[in-house]
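Please look over the model below with the following numbered points beside you.

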Amino acid sequence: QTHTKMSFFGLGQGAEITIELSDVEKRRKVDVKNEEGKKEKLLLYLDGETVAGSVSINLKGRKLEHHGIRVEFVGQIEMFYDRGNHHDFLSLVRQLSPPGELTQFTKFPFEFLNVDKPYETYTGTNVRLRYFVRVVIVRRISDLVKEHDIAVHTLSSYPDLINSLKMEVGIEDCLHIEFEYNKSKYHLRDVVVGKIYFLLVRIKIKHMEIAIIRKETTGTPPNVYTENEQVAKYEIMDGAPVRGESIPIRLFLAGYELTPSMKDINKKFSCRYYLNLVLVDEEDRRYFKQQEIVLWRKGDLRVGRKPVAK
């Protein structure tokens with residue numbers, strides 16, 4: 001969550017930088033994967049919310065000469081295959097101190113008011129989108145830098161329109177299946193409800209499942225990388241269906257690690273979701289059909305903050 005780069009040039013002149021965010025007690029924490037794929041708990045902010053707090057500088061020696069101290073709020077996209085080349089889509093700066101020297105423990109308040117945070121925090125296979133507060137003490141030889149990450153959620157709302165999805169899977173004279181979902185847009189705690197109708201069955205099906213596939217696309221043509229990952233699987237049936245049979249489906253999304261669908265984020269990456277219907281026959285041949293769905297995060301009045309006990 002915090003990254004520190006220390007320098008001890010100039011006769012042991014160094015400092016320990018601590019970043020403390022306001023509202024720590026009231027604000028919710030959420031799990032976010034870091035670069036190594038490990039989860040860490042970060043404070044959750046929404047678009048338009050203020051990011052404020054304080055910076056403490058504890059000296060390691062008697063004094064610290066510097067060429068200015070600043071605090072930044074950064075939104076950044078990093079491609080894992082292009083290390084060291086970061087794309088900042090958001091960069092706000094506040095000067096905390098003009099050039100001079102520190103001779104004792106010093107604390108600076110900071111505030112970035114009503115910050116636009118257009119995208120959701122995301123860690124994927126090839127890309128990471130992160131927001132962080134960074135403090136820089138500018139030095140002649142080597143700057144002192146400290147970073148502190150936060151999480152950002154993007155909330156949406158869609159009208160309750162029932163746009164049902166219909167798909168047909170067919171092999172001429174062998175198989176004809178109609179597949180109906182209740183809608184094409186689902187919030188992250190929603191339930192996919194559907195039905196499968198077997199109109200013609202002349203091949204022996206032994207197994208049938210529905211999966212959710214996450215497709216992450218990074219880069220720009222001609223260098224585009226696509227990663228497909230199965231994030232959920234639901235066995236619909238085991239055994240042979242008969243003609244005229246219909247099988248209901250209920251897939252609860254809340255139990256899986258899903259993000260909202262992301263389309264062309266800052267012209268750098270996309271993350272799309274597909275429902276994948278898979279049929280396996282007795283000779284282990286696989287038949288499948290994909291349909292894109294849109295996932296979105298439902299707004300909750302208390303989402304950024306913990307519910308207050310009444």
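**Notes on the model**

1. Strand S5 (residues 51-59) pairs with S10 in the antiparallel sense over seven bridges, where strands are DSSP runs of E of at least two residues, numbered from the N terminus, and two strands pair if DSSP finds at least two bridges between them. Within this pairing, Val-51 stands opposite Phe-112 in S10.

2. The model is a predicted one, in which local features need pLDDT of at least 70 and side-chain atom pairs count only at pLDDT 80 or more, while totals for chains, interfaces and linings use all residues. Residues are numbered from 1 along each chain as its sequence is written, and side-chain values use heavy atoms, with hydrogens and water left out.

3. The pairing of S5 belongs to an open sheet of three strands, in the order S2-S5-S10, with antiparallel pairing. Its edges are strand S2 (15-21) and strand S10 (106-112), each of which pairs on one side only. From one strand to the next the twist averages 20°, with axes taken as lines fitted to C-alpha atoms and angles running from 0 to 180 degrees between N-to-C directions.

4. The salt bridges come to 20, counting a side-chain nitrogen of Lys or Arg within 4 Å of a carboxyl oxygen of Asp or Glu. In one of them, Asp-149 meets Arg-130 at 2.9 Å, N to O; this pair links distant parts of the chain, with Asp-149 in strand S13 and Arg-130 in strand S12 (residues 127-137), 19 residues apart. Asp-149 is buried, at 5% relative accessible area, and Arg-130 is also buried, at 7%, where buried means under 20%, exposed over 50% and partly exposed in between (1.4 Å probe, protein chains only).

5. Arg-214 forms a salt bridge with Glu-229, the closest N and O atoms being 3.4 Å apart, and this pair likewise links distant parts of the chain, from strand S18 to strand S19, 15 residues apart. Arg-214 is buried, with a relative accessible area of 11%, whereas Glu-229 is partly exposed, at 36%. Elsewhere, salt bridges that share partners join Arg-70, Glu-72, Arg-130, Arg-134, Glu-147 and Asp-149 into one network.

6. What is the volume of the largest pocket? It is about 1,100 Å³, a volume being the space filled by probe spheres set on grid points that are joined across faces, edges and corners. On a 1 Å grid over the protein atoms alone, a pocket is an open set of points with protein on both sides within 12 Å along at least five of seven lines, a cavity is a set where a 1.4 Å probe fits but cannot get out, and lining residues have an atom within 4 Å of a point.

7. Of the 37 residues lining the largest pocket, the closest to its centre are Asp-31, Glu-257, Leu-258, Thr-259 and Arg-297. The largest share of this lining, four residues, comes from S3. By class, the lining has twelve nonpolar, ten polar and 15 charged residues, with Ala, Val, Leu, Ile, Met, Phe, Trp, Tyr, Cys and Pro counted as nonpolar, Asp, Glu, Lys and Arg as charged, and the others, Gly among them, as polar.

8. A search of the whole structure finds one cavity of 30 Å³ or more, and about 70 Å³ of space lies in the largest cavity. Its lining residues include Arg-130 and Asp-149, which also meet in a salt bridge. The largest share of the cavity lining, three residues, comes from S12.
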